[in-house]
Amino acid sequence: MQFATLTTGQVPGVPTLDELRGLKPLQQPEWPDQGALERVIAELRTLPPLVFAGECDDLTTKIGAVARGEAFILQGGDCAETFAGVTAENIRAKLRVLLQMSVVLQYAASVPVVKIGRIAGQYAKPRSSGEETRDGVTLPSYRGDAVNGFDFTPESRIPDPTRLRGVYNAAAATLNLTRAFTTGGYADLHQVHAWNTDFVKSSPVGRRYEQLASEIERALAFMRACGATSDEFRTVDFYASHEALILEYEHALTRIDSRTEQPYDVSGHLLWVGERTRQLDGAHVEFLASLSNPLGVKIGPTTTPEYIRALIDKLNPKGIEGRLTFITRMGAGTIREALPPLLEAVRDHGSPIAWVCDPMHGNTYETPNGYKTRNFDDVMDEVQGFFDAHEQVGTWPGGVHMELTGDDVTECLGGGEALVAEDLASRYETACDPRLNRHQSLELAFLVAERLRGARA
């Protein structure tokens, strides 16, 4: 598989960067050094792809099965990746919890699980305000390591375009190690107990996982005794996704696939556009519409049936299965009312859309002691509401999209550990939004598996 290296920036079928800038894209950094920015863009255009078109097409096929109600998406990872977080242990921990969650869903609900990480590209974040004030000092907001630094100093908060090369390097290292883990034995289904050796087995969710792992081990032993073995038990397909926010970076990594002569953004397999940048006539939607990657769109509670039909016509006019995924982020108190009319509009439109629930972003609030957090009960209530809405309309609840970590952080309240506001200070480590820790993530997987069994029935 080959890609044409396009040093001129003229990608056939894709709007030029100047054309996209002419659409006044939202949530873009104000780069102070345009010369440095253009040099970085020119360099990125010459670099090898991070993912391949064939992998993107494989993911499109798998999401097509989700749109038909034959599979389920598990998508998760950090709210905002950091350069410092690109370590073997951090990557292994995220992969481990996603593998544990997927095996719970796949075994307990008897449904194929498409595994997608918020990984190897989630280095930029939209912000509600371009500035942040502390103790009377106002500086540019932290927009992720792709743009500026987390430290609250004037030097750190200046947008630096050379960081975009850092994104490429960090993504390449992350994907390299992820591929090694998923194909080199770590993801072997026979490792279900090993994934749990350093977990707190005294916890209810840890013991529950151990029971399920023992059942899987017995099933595998039975299959071996029957002479039935499969390489599919030893490796997994794992895909990378991120929000396509910084247009200079995404455009610089767009290539033409020599097999099909179609453009792909080779920064990740699945790219999504966020709630703040999904305007029909906006630069982000215009850019994504020109790509051949599978695409996602975050859908909030203000979305109308008319808009969602127009969005389908814009991003998937040919009605390709697996091309388009809607990721709902409604809020626990809103989803049961807001989602059914959208499900009906898409069903009546006839386009094959996969539906995924993001129960994180609509349930964020600040505690009296100053921490941004989410309550596990609210997260689960939104997931339950997502399944309720699909049950009401008769459509398939196709997946969940989580902000999570494999570490024992204290960023979201509740769950089996019953974390309270006073616990947040002990291990609050996120660079942006609060994430579910490993206990909470696995607990959620068991609860989702129960609803999924009902949905299949």
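1. Buried means under 20% relative accessible area, exposed means over 50%, and partly exposed lies in between, with a 1.4 Å probe and protein chains only. At 0% relative accessibility, Ser-267 therefore counts as buried. Ser-267 is found in the loop between β8 (263-265) and β9 (270-273); helices (H or I, at least four residues) and strands (E, at least two) are DSSP runs, numbered from the N terminus. The side chain of Ser-267 makes a polar contact of 2.9 Å with the side chain of Asp-265, and a polar contact of 3.3 Å joins Ser-267 to the side chain of His-242. A polar contact is a pair of N or O atoms within 3.5 Å; within protein, one must be able to donate a hydrogen and the other to accept it, and residues adjacent in sequence count only if both atoms are side-chain atoms.

2. On the basis of this note: the model is predicted, so local features need pLDDT of at least 70 and side-chain atom pairs count only at pLDDT 80 or more, while totals for chains, interfaces and linings use all residues. Residues are numbered from 1 along each chain as its sequence is written, and side-chain values use heavy atoms, with hydrogens and water left out.

3. On cysteines: how many disulfides are there? A disulfide is a pair of cysteine sulfur atoms within 2.5 Å, and by this rule the count comes to zero. Cys-79 is in no disulfide, and the nearest cysteine sulfur, that of Cys-432, is 4.0 Å away. Cys-79 is buried, with a relative accessible area of 0%. Cys-432 also counts as buried, at 13% relative accessibility.

4. On helix α12 (residues 376-393): its 18 residues should span 26 Å at 1.5 Å a residue, and its end C-alpha atoms are 26 Å apart, which agrees. The expected span of a helix is 1.5 Å times one less than its number of residues. At the start of α12, a side-chain oxygen of Asn-375 reaches to within 2.9 Å of the backbone nitrogen of Asp-377. After α12 comes Gly-394, with a positive phi near 85 degrees. The buried residues in α12 include Phe-376, Val-379, Met-380, Phe-386, Phe-387 and Val-393. Glu-382 and His-390 are also among the buried residues of α12.

5. On the packing of α12: its axis and that of helix α13 (residues 438-456) come within 11 Å and cross at roughly 15 degrees. Axes are lines fitted to C-alpha atoms, for helices over the stretch in contact, and angles run from 0 to 180 degrees between N-to-C directions. Angles under 35 degrees count as roughly parallel, over 145 as roughly antiparallel, 65 to 115 as roughly perpendicular and the rest as oblique. α12 and α13 are therefore roughly parallel to each other. Their crossing is right-handed; a crossing is left-handed if the near helix is turned anticlockwise from the far one by less than a right angle, and right-handed if clockwise.

6. α10 passes α11 in a right-handed crossing.

7. Just after α3, Gly-69 takes a positive phi of about 80 degrees. Leu-47 lies in the loop between α2 and α3 and is buried, with a relative accessible area of 14%. The C-alpha atoms of Leu-47 and Ala-252 are separated by 9.2 Å, although the two residues are 205 residues apart along the chain.

8. Lys-24 has a positive phi, near 55 degrees. Lys-24 lies in the loop between α1 (17-22) and α2 (34-46) and counts as exposed, at 66% relative accessibility. Ser-110 also has a positive phi, near 55 degrees, and is found in the loop between α4 (88-109) and β3.
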